[in-house]
Amino acid sequence: MSTDDRPSHEPRLLALDTGGTMTDSFVVDEEANYTVGKAQTTPADEAVGVKRSLDNGLGYWGTSLAESAKSLDGVVYSGTAMLNRLLEREGEGNIGVITTKGFEDHHRMGRGIQSWADLSYAGRLHAREHEHPEPIVPRENIKGVRERTNMLGVPVVSIYEDEIREAVHDLLDRDVRVICVCFIYAYANPGHEQTVAEIAEEIKAERDDDTPVWLSSEQNPVRGETPRLNTLILEAYAVEPSREQLYSIEDTLEAEGLESPFRVLTSSGGTIAPDHDWLVETMLSGPIGGVFGGEFLADKIGIDNLVCSDVGGTSFDVALITEGHYPTRWDQSLAQFLTNIPMTALDSIGSGTGSYLRVDRASHRIEVGPDSAGYLVGVSNEDAGVETPTVTDCTALLGYINPDFFLGGDIPIDVDAAEAAIEDQISGPLDEDPIETARGVLDIVERDMANELRSMVLGLGYSPENYTLVSYGGGGPLHAAGYSLPLDFQDVLIPDWAAAFSAFGCACADAAYRYDRSVDAILQPDFSNADDIADTLTEVYHGLRAQAEEAFERDGIDPETTRFEPSIRAQYTGMLDDLEVDVAEFWDGGLDADDVEAIAEKFEAEFGRVFQRAARSPENGYQLTVAIGEGIAPSPKPELPDEEPVSADDPPEAASKGERSIYWDGEWVDAAIWDMDEIQAGNVIEGPAVTEAPATTMLVPPGFEAPLDRNRIYHLRQTHE
């Protein structure tokens with residue numbers, strides 16, 4: 001972080017990450033200097049926390065948001081408010097659904113996987129925990145209408161218009177907030193859903209009613225009735241109510257003088273305007289930001305394989321970047337609801353720094369989470385009124401965090417209160433020493449994190465030895481040594497700006513609109529119908545491009561300044577899982593038979609990389625499942641710091657903050673305390689040591705060292721076993 005206090009800094013790029021605990025801001029100026037701001041999240045009105053975070057970060061440059069807003073070229077937001085609404089069931093209900101007759105229960109019944117999706121590993125092992133999530137829409141608000149379209153998009157049963165009228169009147173009588181329409185195979189032919197919309201508009205006009213009617217064929221016309229309906233419902237339940245939060249943040253920034261665009265990060269990697277028709281793609285934007293930051297970092301410093309690990313206040317999130325790219329998932333579940341939202345592949349466990357600690361009465365063992373104190377931190381934050389100890393209380397008791405410098409001193413930490421709570425609720429019932437218990441808790445947490453990393457890497461057929469680990473989030477630098485120790489990564493990276501790394505990732509994203517559409521076209525093994533496939537894809541891609549251009553025009557962005565990148569999801573005919581293949585290199589406004597053959601060859605290469613080459617089955621032909629079109633408007637990007645390294649000796653005297661006793665490996669040791677902002681490129685932090693910044697703390701245990709490179713990235717490594 002730059003510590004230059006000159007008022008000449010002109011912030012150009014601003015990225016925000018509003019998490020469940022902290023709101024991080026990452027600001028870049030005209031010379032690629034950056035500053036990191038941090039403040040407690042304010043769930044009731046996120047704009048308050050956002051402004052505090054920005055003022056906190058800009059304060060290091062001797063300026064404020066009000067003084068610098070006009071110089072900004074862009075602002076990107078990510079957050080977890082929408083997801084938290086769903087997880088905590090605090091969304092807005094009273095939603096109406098119209099679906100195909102006979103399928104009124106498929107939202108309530110769901111899929112079998114929903115009974116265990118998102119459970120911990122232990123929960124998946126025990127059938128007693130397998131329960132379907134409580135439906136968001138009550139059965140009485142779901143109406144069936146006789147109609148049927150087959151999988152080819154051919155209507156086989158005409159729609160019963162009298163039943164549409166009856167269903168619409170009934171739902172409006174119930175005063176529903178929105179009517180969601182999802183018919184079987186509507187993605188192949190939206191005609192019947194559009195008929196419902198037309199009739200509903202007539203009825204609304206008669207009743208002077210303005211209840212919106214949403215069609216699944218407009219939101220995301222892809223195969224999968226249950227996830228398609230769930231996604232539409234989640235848009236109404238958790239996303240739409242959060243739109244006001246986005247407008248509040250935008251209004252706050254504009255009141256401070258912001259004149260540049262305010263955009264929101266999506267789970268697939270682009271940014272969209274907050275008034276975009278469908279915002280459900282932004283539900284998981286918070287933890288996803290770090291993955292995009294990891295991809296940017298890997299590209300800049302020449303790393304092919306990178307494991308991204310984010311330690312936040314409520315969760316531990318992990319993603320893999322292999323050969324410079326991250327995979328996209330279609331089967332992601334949110335709070336056990338299957339969705340069809342394209343999302344960057346990310347795994348998460350409820351092990352964050354704010355996770356609550358309890359002793360299980362039956363097993364007499366310590367349980368960590370999955371619930372969390374979030375922005376309230378823990379018992380040690382006496383003003384918060386928390387009564388159950390958390391992971392942060394343990395780190396405070398062990399001396400790892402400075403009780404007078406947590407969040408730059410904004411949150412005083414009472415170590416005695418933490419010790420009393422741990423002794424009363426955890427170590428006492430176990431008849432153990434509170435210090436040993438606190439360290440044992442961190443061993444459990446960091447072991448769970450290491451297991452999550454191991455299972456993700458090995459589960460995909462790779463090995464940690466082939467990957468570099470990057471650790472970030474407010475708690476990443478504090479726990480990196482513990483959870484990386486059991487694994488043999490090539491290197492462990494901790495960026496100087498780790499606390500705001502997810503926000504940094506937001507700043508790396510372009511303005512982009514992605515549209516997906518099921519095609520379900522079969523390409524014969526001998527490519528005899530390649531011309532027909534080329535015509536089909538060309539027509540679909542032109543439609544997707546038109547959608548993207550319309551969205552950019554609405555944002556005031558000239559479509560001529562954008563580019564269009566098509567891709568396709570494909571599988572061998574009869575195969576269950578498909579793979580996404582980029583076809584932009586073949587697109588010049590259209591495709592021909594030769595392009596289709598080249599796309600098949602590219603799919604073969606991707607299949608051989610993800611699976612085994614011996615499993616390739618070109619003799620079965622290819623099924624092209626989903627066409628994807630993404631319009632991209634390039635946005636300003638941050639630059640990595642580039643400082644000339646100085647001596648590899650200890651940091652300069654100005655960086656020293658004395659010593660503090662920390663507990664490690666069964667004993668108290670004296671650790672050097674360093675001011676992270678004063679450490680210079682080339683300096684080596686020798687353990688035992690703790691480096692402190694207002695936004696985070698990095699622990700370098702005994703037997704470890706952490707040299708700082710020219711890009712202000714620490715390389716944490718063992719010096720001996």
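Author: A polar contact is a pair of N or O atoms within 3.5 Å; within protein, one must be able to donate a hydrogen and the other to accept it, and residues adjacent in sequence count only if both atoms are side-chain atoms. The model is predicted, so local features need pLDDT of at least 70 and side-chain atom pairs count only at pLDDT 80 or more, while totals for chains, interfaces and linings use all residues. Residues are numbered from 1 along each chain as its sequence is written, and side-chain values use heavy atoms, with hydrogens and water left out.

Reader: Which backbone oxygen lies 2.6 Å from a polar atom of the side chain of S484?

Author: S484 is found in helix α15, residues 476-484; helices (H or I, at least four residues) and strands (E, at least two) are DSSP runs, numbered from the N terminus. The backbone oxygen at 2.6 Å from the polar side-chain atom of S484 is that of A480.

Reader: Is S484 buried or exposed?

Author: Buried means under 20% relative accessible area, exposed over 50%, and partly exposed in between (1.4 Å probe, protein chains only). Leaving out residues up to four places away in sequence, S484 touches L469 and V492, where contact means heavy atoms within 4.5 Å. Its relative accessibility is 6%, so S484 counts as buried.

Reader: Which strands stand at the edges of the open sheet?

Author: Six strands form the sheet, in the order β19-β14-β13-β22-β23-β34, with mixed pairing; two strands pair if DSSP finds at least two bridges between them. A strand with a single partner has one side left without a neighbour in the sheet, so the edges are β19 (347-349) and β34 (713-715).

Reader: How many bridges join β13 to β22?

Author: Strand β13 covers residues 306-311 and β22 covers 468-472, and the two run parallel. L306 stands opposite T468 in β22. The number of bridges joining β13 to β22 is five.

Reader: Which helix runs at about 25° to β14?

Author: Axes are lines fitted to C-alpha atoms, for helices over the stretch in contact, and angles run from 0 to 180 degrees between N-to-C directions. Helix α11 (residues 285-301) lies across strands including β13, running at about 140° to β13. The helix at about 25° to β14 is α14.

Reader: How many disulfides does the count come to?

Author: A disulfide is a pair of cysteine sulfur atoms within 2.5 Å. The sulfur of C506 is 8.8 Å from the closest cysteine sulfur, in C508, and therefore too far for a bond. The count of disulfides comes to zero.
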